[in-house]
Amino acid sequence: MNHLEPASQSRQQQIFTVTRLNSAVRMILEQDLGLVWLTGELSNLAMPSSGHWYFSLKDMSAQVRCAMFKGNNRRVPFRPQDGMQVLVQARVSLYEPRGDYQLIIESMQPAGDGMLALRFEELKRSLGAEGLFDEGRKRPLPREPRAVGLVTSATGAALHDMLTVLERRAPDLPVFIYPTQVQGSAATAQIVSAIMLANRRAEVDVLIVGRGGGSLEDLWCFNEEAVARAIAGSAIPVVSAVGHEVDVTISDFAADLRAPTPSAAAELVAPDRRTRAQRLVHLRQRLTQAMSRHQVAARHGFVLLQKRLDHQDPKRRLEQQSQRLDELDRRLQQHLRDRLHQGERRLAGLAMRLQARSPEKLLAIGKRRHQLAEERLHALIAKRQDLARHRLAMLGARLDGISPLATLGRGYAIVRTPSGEVIRRASQVNAGQTLVTTLAEGALRVRVDEVDNR
């Protein structure tokens, strides 16, 4: 029976309670599927006093229970009703007490707007990944544009607002209008054509592309990929001014700058008349200062050139050269006189040296020196001989005093080993060793019988 026990234990490990099973399934559904988007028709809608919404979402073949808690349904901008087509973002979950599979709704919007929002997010993600919205591609607007181009409807209120602002801020700034539809199926192609036309003509420094406010469907042409690519590919810097401040389109991301409204776009591209006047005053001051500095520098340069011209005057240069020639002639005469005097002094010195070194005089001096040296030499030899005899006598006496022969003559002897080592202590000798004893006359070879170290 032992071989059956592991199988029994394995079956017991796989046994779930209903609560545990439902909890495990809920966690699997929520973790693996995450958030999903789906569209369908509302039915069985219930809105109890708790503030939560409960309903079913169905299509032609199936339905699923849904719950939307009040923290999320407060953000829904419309009143849902049975039979309404909606787009929802939800988490797949399980209601554990009943074991019912359900959706937890995070957001809800009408199906039409919802599909457009999905298209908006997908295109934004795709173009963003492509790098079309990178900040490094953005170009600054010209500070003093020569002309401004408006890509908008020729009959819209946005055009009137922009022209009013441009007239107020820069009445002398030329404005070119490239009329186009800004709503409907034909608007996309017309906006792209208008942007390309402005680039071909190259008559403006900055473009404003936009329109007034409207619904998401009204503004949708500015969310088309063709318009975004035309704006990003424009050689002229583009300001996107679509709708109101809360409206955001793909064109805003592709443009070099986004303006919250068309009027704000006109203010961004047109320098203010007062600001321009102040800038002109500032530039005039700078110009005046620069001209003043230039005049001072020119005067200084003129003075330097005048001095150089005076210095290079032929008459003055001839006078300077003549004076220099006189100076050089004087210095040459002085130098010749100095050299002549030096020669004369050197010649006199050489004559005196030659006279002092006359052969007869040198011979007489040499003979006298030889005679004196010979006398000194004889005297020195005699003195040296006397000193040598005296020193020899003293050394002989000292030698006799320290001679070992004299010591030996008094009865002493010198004891050595056969190798010549002098014996001074009895500890140097061993019994039976042969020694050599030197006397005043002759030597003895003796053998040691006994050694006494006392």
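1. Two strands are taken as paired here if DSSP finds at least two bridges between them, and helices (H or I, at least four residues) and strands (E, at least two) are DSSP runs, numbered from the N terminus. On that basis, strand E2 (residues 53–58) and strand E3 (residues 63–68) pair in the antiparallel sense over six bridges, with Ser56 having Arg65 as its bridge partner in E3.

2. The model is a predicted one, in which local features need pLDDT of at least 70 and side-chain atom pairs count only at pLDDT 80 or more, while totals for chains, interfaces and linings use all residues. Residues are numbered from 1 along each chain as its sequence is written, and side-chain values use heavy atoms, with hydrogens and water left out.

3. Gly83 is placed in the loop between helix H3 (70–73) and strand E4 (85–95). The C-alpha atoms of Gly83 and Ser43 are separated by 6.0 Å, although the two residues are 40 residues apart along the chain. With a relative accessible area of 42%, Gly83 is partly exposed, where buried means under 20% relative accessible area, exposed means over 50%, and partly exposed lies in between (1.4 Å probe, protein chains only).

4. The structure holds 11 salt bridges, a salt bridge being a side-chain nitrogen of Lys or Arg within 4 Å of a carboxyl oxygen of Asp or Glu. Side chains of opposite charge can pair when their charged atoms come close. One of the salt bridges brings together the side chains of Arg139 and Asp256, at 2.9 Å from N to O. This pair links distant parts of the chain, 117 residues apart, with Arg139 in the loop between helix H4 (111–130) and strand E6 (148–152) and Asp256 in the loop between helix H8 (250–254) and strand E10 (257–258). Arg139 counts as partly exposed at 26% relative accessibility, whereas Asp256, at 12%, counts as buried.

5. A salt bridge is likewise formed by Asp205 and Arg146, whose closest N and O atoms are 3.0 Å apart. Here too the pair links distant parts of the chain, since Asp205 is in the loop between helix H6 (187–201) and strand E8 (206–211) while Arg146 is in the loop between H4 and E6, 59 residues apart. Asp205 counts as buried at 17% relative accessibility, but Arg146 counts as exposed at 62%.

6. The side chains of Glu267 and Arg168 meet in a salt bridge with an N to O distance of 3.5 Å. The two residues, Glu267 in helix H9 (residues 262–269) and Arg168 in helix H5 (residues 157–169), are 99 residues apart and link distant parts of the chain. Glu267 is partly exposed at 37% relative accessibility, and Arg168 is partly exposed at 43%. Separately, Glu130, Glu225 and Arg229 are linked in a network of salt bridges.

7. Two surface patches may be noted, patches being made of residues with over 30% relative accessible area and no salt bridge, in which like charges are joined within 9 Å and nonpolar side chains (Val, Leu, Ile, Met, Phe, Trp, Tyr) within 5 Å. Accessible areas come from the Shrake-Rupley method with a 1.4 Å probe, and for residues only the protein chains shown count as cover. A nonpolar surface patch is formed by Phe16, Leu21 and Val25, which together have about 230 Å² of accessible area. Val25 has its place in helix H2 (residues 18–33) and counts as partly exposed at 31% relative accessibility.

8. The positive surface patch consists of Arg143, Arg279, Arg286 and Arg293, of which Arg286 lies in helix H10 (residues 273–311). For such charges, Lys and Arg count as positive and Asp and Glu as negative, with His and the chain ends not counted, and the place of a charge is taken as NZ of Lys, CZ of Arg, CG of Asp or CD of Glu.
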